[in-house]
Amino acid sequence: MIRVCLVVLLVWAGMLHAQGKTPIELSDNPETQRSLMQVPDGFEIQLVADEPTVVNPLQINFDAQGRLWVLCAPRYPQLLPGQEPNDYVVILEDFDAKGKARKSRVFVDGLMVPTGMMPGDGGVYVGQGEALYHFRDTKGTGKANERRVLLSGFGTADTHHTLNTFRWGPDGALYFNQGLYTHSSVETPFGPRKLFGGCIWRLQTDRLKLDVYDRSILPNNTWGHAFDAWGQSFIASAWPGALNLVLPDSPLHKNTNNDLVPRLKSTQIGAERHCGLEIVSGRHLPDDWQGNLLTGDFLSHRVYRYQLNDDGTRFVAKPLAPLVQSKHRKFRPIDIKQGPDGAIYIADLYQQIIQHNQVDFRDPRRGHERGRIWRVVRTDRPLTPMPKLVGVPLDEVVQQLAAPEEVTRQLAKRVLAESDHDKAASALERWLGKLDPKDANFERNRLEALWAYQGIDHVNTSLLTKTLASDNPHVRAAATRVLAAWHDRLPDALALLARQASDPQPRVRLEAVLAAGHMPVSGALPAALKALDLPVDPFLDYALRRTAVLLEPYWYKEFKAGRLTFAGNTKQVTFALQAIRAPDAVPLLINLYQSGKAGEANQVEVLQLIAALGNPTQQAMVWEAAHTGKGLTATQQARLLAGIETLARDKKFAAPKNADKLQSLFSNPEPEVAAAALRLAGAWKLESLRSTLAKEIANENPPRRQAAVDGLVSLGGPASASTLEAHAAKPQPYAIRLAAITGLAALDTALSARLASELLSEAPPPGQDPSRLYAEFLGSKGGATALVKALTKTPPAPDAAKIGLRVLVSLGTPEPDLTRLLHNAAGVAGKERKLDAEAVKRLLALLPQADPHRGEEVFRRPALGCFQCHALGGAGGRIGPDLSGIGTSAQPDYLLESILLPSKIIREGYTTAQVFTTSGKVFTGILQRESPKELVLRDPQRDDIVIPQDDIEEKKIGGSLMPNGLDHSLTDAELVDLVRFLSELGKPGPFGVTHVRVARRWQMLLPSPTVPSPSAEKALEDPQSLWSPLYSKTSGTLPLGEVARSLDKQVGLVRGQIEVVSPGKVALQFDNPGGLKLWLDGAPLESGAPVALTRGLHTLAVRIDFSVRTDLSLRCELADVPGSPAQARFVDGK
Amino acid sequence: MLTRIGTYLLAIALAVPSPCVCDELRLKDGDRVVLLGNGFIGGEREFGFLEARLTRHQPKANVVFRNLGWPGDTILGLARTPGFQNPTGLDRLLKEVRELQPTVLIIGYGLNESFDGPDGLPRFRKEYDALLAKLAPLNARTVLLSPPPQEDLGKPWPDPREHNQHVEQYTEAIADLARDRKLLFVDVFRPMVEAKRTNASRRFTTNGIQLQRDGYVELARIIERSLVGKSLPEQIAIDAKGTVAPADVCTLENVELSAKGLKFHLRENIWPVPGDVRKMQVTGLKPGKYALAIDGRDVGSFTETALAAGISLDAGAMPLRAGEELCSAIVRKNDFFYRRWRPYNDHSRHWGFIGGDFQLWEKQVAEQEKVIAGLRFPRPYAVNVLLEERKP
């Protein structure tokens, strides 16, 4: 009890000291914890085991005897000096009616921070540190006496990334995951396997053949992986809270090609932090639960349930009422497994602190002595009897392949794989002979048998051929994956592949294209490309490109030699050549273009490829097409010109002799064509066109004007500088001055800074925003210093300074001098805080009086710019972590420190980089990825800033994008309110995470000179309308105060977006529709009335008449219409 | 199967007669031995056989061993991850080797590279030479090891014949490098192939390339034989008069001869270590059943003829037990060093919290070195060979 009190004291920093007792939601009594956990009606949650049997359970898995193996890591996450390794694997069995495991036995102990575990092959596989081990009991004592290193070389840099989430696949292979910071170079009998980053590995345990199964979709913290009944695998990630379909990735050796990393989204659920994933089935659960996904959300103390819907191409997961909701704050469900008995077993890490890197390993709040295993059962139906799989004839084992419980089918395959393979094969054959074609599960049973054959490595051509042609598309898709595994042992694998690639069902085609990547023969690609004859979705497009690249060594040589013809199918040839981008393919591409066989939609891609890979003579043909625009739409022509401009800048496309033909395009009626031509003229440095180009600066059309400035900047030299200077002063209109000065910054920084200070000393006129000017200075080397110098002489107007501060926040550029200067000019200067132990103590002591609601108001202040980078419930910036659940993982001291010293601890995945280029540019952002070719950053404005490695002069890694000094303008009370607000986020209560679909990301119409009255509904359609982001509060309510204040009239307009993934009827329900007029895509809408929506994006507009409406807020929920198949969500983000 | 054995025989036939192209490596007081390489080196830390074998010839010398083997590593240090204040790859490798100030370097690279086949050879040779050039200023006595062969485990494991031809080519390349740079070289490949040929029931690896206990026993033996040349007598012969052979490696003390047999203390110059076998022969005893006890532990009862033929001692009996204890102490030290050198969670962001732990781990390593030093030096043990009481 003394220890409990001590822990509590530390947690609440004295807050609860005054009250002197443990709050019930932190009580260590299992029965108390159980009473705080809520399950659906008709269900009950039972305690299976607790400490000291189970401590810090990290993974649970059943074996064929129905025993539950639990990986326990009391030392997690780090063994400290002086400590001996004492982590262990314990087996629980013989569960009584109340769920309690009557027997437990430690199978292995003395482990050092193991992170993944799976029973099998007479013992247990364990992932620990750098190695995968197998422990075995060869003497029948019930405890392992043999320890073998199976593979070594896995990364150890982060124990929450080391080998985890072990799972047997239906194919008999063992799958496990590694996370983002894991730098693995694994020694295998088939050669080294390297992967620096997150992935799912696939291991054939009988020969230790290790390959990457997936590395394409969610790269890190993927702590859940489950196969559905048809072998499709799904992953649940704690980052960024998504459930995804796995698109099995390529073999390793080609995997460094960044062009092939797809940006695909199959489903996106919300801001949950998933850990553990199970797909449930079987007789114990209700019919409408079959195939549901269960995931643990360790932040919100819940186990979520989703319904999985499959439209043949992609899956959508629909949130349902959670399986478990806990008010107890140490409940951390991190692994979920359904037992063969049908009950849902949950590993509860039982921790107050789950953060890994932000909290000291010695923090006394970390738990090293407790852990819980729970199970959820139906009270109105008995559990399914545990199947007999061990100690019975194989003929009985094979019958379990038809069991309704997925886990039982899986364990039956395991038993077969571990039996004598010849005997297993004959048992399977006998069983297959007895299957009844009229059985509703006939096709699934045959698929199970096919997998069982794969598990014993026994090729059954006849069964494969039958399943490939099954009536059930799921079976065809799954069998296609087996085809890839057996291809070198089949008589006619390519013919089978070609048939699957033209299957009417898109997922079968996808599997066929992926399968082709495993067949190292020239004919595999043409077979896969049959998929082009049918519609190609983004998954298939990615897979086709990947396969073409993977197979390049086998088909391209043959193609050039004329031995491989693709049967004259130019669509296939074009696609394949585009995919591999081989320079010597240019003549082939020219041939395709000139014969008109490339197809209209493809021709710009073909031309751009010729431009990128060809010699000057070949490029001349592209130039001809670009300047005449023959056969191209305006958009295509502009794209082609822009493509040439990029190459011209990289000096890969020299100006042709007749380059001055560009001049005629300057006055092209299509602004996009004219703008592209102006830029290209500059990139080619066409002096002869200088004067014509300069005239366009005064053009009324903003894109043309901007393009002219860009062109002049590219032309460079004193002439450009003086032209721009001439446009930089009054009486030129503000917009032109702004454009000219911004352009000038790249040519003459000091001069531009002086002119900028004059411009900024004026308050920006309505509709004008000098953000770009600030950004230009911040993005060039020495730019910020020059600007500070000029602004010190001529200070900016308060409004101009405020815009500058916003830019600083949004770009995340650390420029303390400029920040201070702008703070002063804007009149928001504050004082700097020292953060020593004394100050932390003093501020945290104020927490009990702090008000989270006031804190939310502080968070929402535009001057702080929190939403620029952070989202709440998905709505807001994506540059910093979504803060929805932060309160459940972060302690107040950490939150305080993060606000005051943003760079001290950086959340993983938010590594920042500042990159200086050879051309004097500076880019600051989150490091997305880096390859020998390029580095990719993300900043608050742009998702992918691609910087070629060749252009990089210097790079600095580290630090936060969050500016220092955000707290300066806050009083102590406001600061503590803010901390209190953050610490409540995600906890049960008014700031909790909710599954209600409520609109959180809005935009409000700003008054502007071109749109005289915001009440005009026309504003919705007018592209000149200016909209400003607006976010709902955590509760989902949108305050309208800001909308009302920004108006001179009594009417305001806000809008939001809805994405529909499956069409159907939905309803938009407003809490209080008084004084609101609603439109959906321009058509009037009634609150709560069903409305049919097609797939895609839809815009909701709300007109608020403040003369009628007294409620200064609104709230809009997306409601399901009974019987409707619709799947929709509000668009979030920034 | 016959053809596979045939290939091995061919390899043996073509092999250089002596596996050693080197001078002796004699460890001396103050030596700091650094083991560097991939998993083949790294895995040794769990056994300690190599340290035990190389130090037993000068048991009083103060010598430390540090294992910097990193599974999956290549000659460019590619597997070495960036961690707290640690640079990446080769820079990290060099920094860590230099910090340990080695006087002896034992390097084992090439197994991972050998999977690149002959195409990778020129690059391997060049990169290995560059690494040696970078390490040369340390003036450490340097030993280059060849990679071990891939063990043939039958189906469904990969057939290693082709790969082993490549390993052999890499072995030659490493031998050439050693010759050019006048370094010591130990061929591990051919003696291991030979050992497997001699006794096919031995299993060196868990998966063909990952050495397990017997593999590391053999590796340490090969290296010791190659660098020290001396081997331990497999049998110690004592006669009932209290003389011992071979007299150059062991002596008898406190000999008590009686009608019931004899008691004595045996002092050995060199301790056996795991992998060694030991027979004790006692000759000249009068007929009868004798109880043999070593260091207070009953070994068994034997007739005078059995004793004259020699009794094979098991690992639980002295002096083999002392070798096991020594190796366990080395493994414990290796564990402490591993935790300090390559701790989990060494991603930079975690280090603010465990940076101070370095000193604590170093202290543990230093204390364990003292334990090892105490176990390294042979101590005499009591042997009783006494007639059993005849039961009525």
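A salt bridge here is a side-chain nitrogen of Lys or Arg within 4 Å of a carboxyl oxygen of Asp or Glu. The model on screen is predicted.

**Stop 1: between the chains**

Colour chain A and chain B separately. About 4000 Å² is buried between chain B and chain A, and 54% of it lies on carbon and sulfur atoms. To show the contact, select 53 residues from chain A and 41 residues from chain B. How many salt bridges does the rule find across the interface of chain B and chain A? There are 4 of them across this interface. For one salt bridge, select A:E84 and B:R332, whose closest N and O atoms are 3.0 Å apart. In general, side chains of opposite charge can pair when their charged atoms come close.

**Stop 2: a salt bridge inside chain A**

Over all chains, the count of salt bridges by this rule comes to 93. Now select A:K143 and A:D109, which form a salt bridge with their closest N and O atoms 3.1 Å apart. A:K143 is in the loop between β9 (131–136) and β10 (146–152) of chain A, while A:D109 belongs to strand β6 (residues 101–111) of chain A, so the pair ties together parts that are 34 residues apart in sequence.

**Stop 3: two helices of chain B**

Move to chain B and select helix α4 (residues 89–99) together with helix α6 (residues 121–135). Two packed helices are described by the angle between their axes and the distance between the axes. For this pair the angle is about 35° and the axes are 11 Å apart. The crossing in which α4(B) passes α6(B) is right-handed.

Show the side chains at the contact next. From α4(B) come B:L90, B:L93, B:L94, B:V97 and B:R98, and they meet B:L131, B:K134 and B:L135 of α6(B). Of the residues in this contact, 6 are nonpolar, 2 are charged and none is polar.

**Stop 4: a four-stranded sheet in chain A**

Return to chain A for an open sheet of 4 strands, ordered β11-β12-β15-β16, with antiparallel pairing. Strands of a sheet pair through backbone hydrogen bonds, either parallel or antiparallel. Which strands are at the edges of this sheet? Select β11 (164–168) and β16 (209–214) of chain A, each of which pairs on one side only. Neighbouring strands in this sheet are turned by 25° against each other on average, direction ignored.

Zoom in on β11(A) and strand β12 (residues 174–178) of chain A, which run antiparallel and are joined by 3 bridges. Within this pair, A:W168 stands opposite A:L174 in β12(A).

**Stop 5: a three-stranded sheet in chain A**

Further along chain A, 3 strands form an open sheet in the order β42-β39-β45, again with antiparallel pairing. Its edge strands are β42 (1090–1093) and β45 (1116–1120) of chain A. Select strand β39 (residues 1064–1070) of chain A, which pairs with β45(A) over 5 bridges in the antiparallel sense. There, A:F1070 is opposite A:C1116 in β45(A).

**Stop 6: one strand and two partners**

Select strand β35 (residues 1001–1006) of chain A and strand β36 (residues 1026–1031) of chain A, an antiparallel pair with 6 bridges. In this pair A:Q1003 faces A:P1029 in β36(A) as its opposite residue. β35(A) also pairs in the antiparallel sense with strand β38 (residues 1051–1062) of chain A, over 2 bridges. Here A:M1004 stands opposite A:V1054 in β38(A).

**Stop 7: backbone details**

Most residues other than glycine have a negative phi, and most peptide bonds are trans. Select A:K730 and A:P731, where the peptide bond is cis with omega near 10°. A:P731 sits in the loop between α23 (717–726) and α24 (734–744) of chain A. In chain B, the peptide bond from B:A245 to B:P246 is also cis, with omega near -5°. The loop holding B:P246 lies between β7 (244–245) and β8 (250–258) of chain B.

End at A:N56, which is not a glycine and yet has a positive phi of about 45°. A:N56 is in the loop between β2 (43–50) and β3 (57–62) of chain A.

Technical notes: Residues numbered from 1 in each chain as written. Chains lettered and ligands numbered in written order. Predicted model: local features only at pLDDT ≥ 70, side-chain atom pairs only at ≥ 80, totals over all residues. Heavy atoms only, no water. Axes fitted to C-alpha atoms, helices over the stretch in contact; angles between N-to-C directions. Left-handed = near helix turned anticlockwise from the far one by under 90°. Contact = heavy atoms within 4.5 Å. Nonpolar A, V, L, I, M, F, W, Y, C, P; charged D, E, K, R; others polar. Pairing = 2+ DSSP bridges. Buried area = accessible area lost by both parts, 1.4 Å probe.
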